[in-house]
Amino acid sequence: MDLLGSILNSMDKPPSVSDKQKALMKKQKEEYQKHQKAEAERLKVFRDKVEKKISKFLQDDNAKEYKFPPMDQIQRSIIHDAAEVASIWAYSFGEEGVDRHIILFKREHAPSEDQLNALRRGEEWNEDIARRLAEERERRAKEEQEAASRPKKRKDDFVPNSYYKDKYQHLIGKEAALEAARKTEANSSYGCVPSQNKKDQRSIEQTLADIRAKKRKLGNTDESKQKDENSK
């Protein structure tokens with residue numbers, strides 16, 4: 001305890017706040033509170049103006065949209081909140097810190113995706129542009145529908161560049177080439193070879209019987225070879 005007491009006594013005491021410093025801190029606090037109160041009052045006045053503009057906008061039957069000038073994020077948040085209360089659409093466009101602004105739309109005149117995309121790109125939008133885009137979309141849809149309705153070309157409709165009889169008539173004669181071409185039918189399994197030459201005419205029972213006979217024959221042959229080897 002004596003050692004701890006001596007250490008504490010040797011340490012410097014924290015500096016005390018003078019009356020002048022206390023007065024300065026108090027003044028700064030009062031100014032901050034005053035500024036906060038003034039800012040809250042300013043935003044309240046701004047919201048009242050926004051609500052009046054929205055009310056006037058809704059009462060104007062000819063107005064479909066209303067554009068606010070560029071403003072900071074806090075003011076835009078107030079407009080979004082007031083628009084939500086009034087049940088109208090509010091979209092922000094432009095670059096932050098440069099020309100970020102809000103446009104209001106009535107529910108019955110909600111913007112299309114084409115209009116929103118154009119405004120986000122900073123492009124103009126009017127009825128002529130909307131009509132031109134609608135016509136272009138209708139034209140593409142019609143072309144796609146016509147393309148889908150056209151019958152697709154089958155493999156059977158394929159026309160070769162040259163015919164068999166024309167290709168080989170100088171070697172085997174025109175009549176012989178014609179007869180060969182008539183007998184030779186294209187087949188996806190065998191190529192350009194008469195499919196009749198590749199076709200197995202046997203029944204299933206006959207095929208199985210031939211396989212069993214072949215196995216017996218092979219077995220007898222192996223057995224004969226084994227006997228010959230044993231006799232040696």
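Contact here means heavy atoms within 4.5 Å. Keep that in mind while touring this predicted model.

**Stop 1: glutamine 75.** Select glutamine 75, which sits in helix α3. Is this residue buried or exposed? Glutamine 75 counts as buried because its relative accessibility is 14%, and the cut-off for buried is under 20%. Now show what surrounds it. Apart from neighbours within four places in sequence, glutamine 75 is in contact with Arg42 and Phe46.

**Stop 2: strand β3.** Next, select β3, residues 101-105. Five of its five residues are buried, so β3 is largely enclosed by the rest of the structure.

**Stop 3: the nonpolar cores.** Select Val50, Phe68, Ile79 and Leu104. In the largest nonpolar core, which has 16 residues, these four touch the most other members. Helices α2 (19-59) and α3 (73-86) and strand β3 each supply at least two residues of this core. The largest share, five residues, comes from α2. Centre the view on phenylalanine 68. Leaving aside neighbours within four places in sequence, phenylalanine 68 is in contact with Val50, Lys53, Ile79, His101, Ile102 and Leu104. A second, separate core has five residues, including Phe93, Ile103, Phe105 and Leu119.

Stop 4: Finally, switch to a surface view. Rolling a probe the size of a water molecule over the atoms shows where empty space is left. The second largest pocket holds about 300 Å³ of space. Which residues of its lining are the closest to its centre? Select Lys64, Glu65, Gln115, Trp125 and Glu127; these are the closest of the 13 lining residues. Helices α4 (113-120) and α5 (127-149) each supply at least two residues of the lining. Colour the lining by type to see six nonpolar, four polar and three charged residues.

Terms used: Residues numbered from 1 in each chain as written. Predicted model: local features only at pLDDT ≥ 70, side-chain atom pairs only at ≥ 80, totals over all residues. Heavy atoms only, no water. Core = buried A, V, L, I, M, F, W, Y, C linked by side-chain atoms within 4.5 Å. Buried < 20%, exposed > 50% of the residue type's maximum accessible area, 1.4 Å probe, protein only. Helix = DSSP H or I, 4+ residues; strand = E, 2+ residues; numbered from the N terminus. 1 Å grid on protein atoms, 1.4 Å probe; cavity = no way out; pocket = protein on both sides within 12 Å on 5 of 7 lines; lining within 4 Å. Points joined across faces, edges and corners; volume = space filled by probe spheres on them. Nonpolar A, V, L, I, M, F, W, Y, C, P; charged D, E, K, R; others polar.
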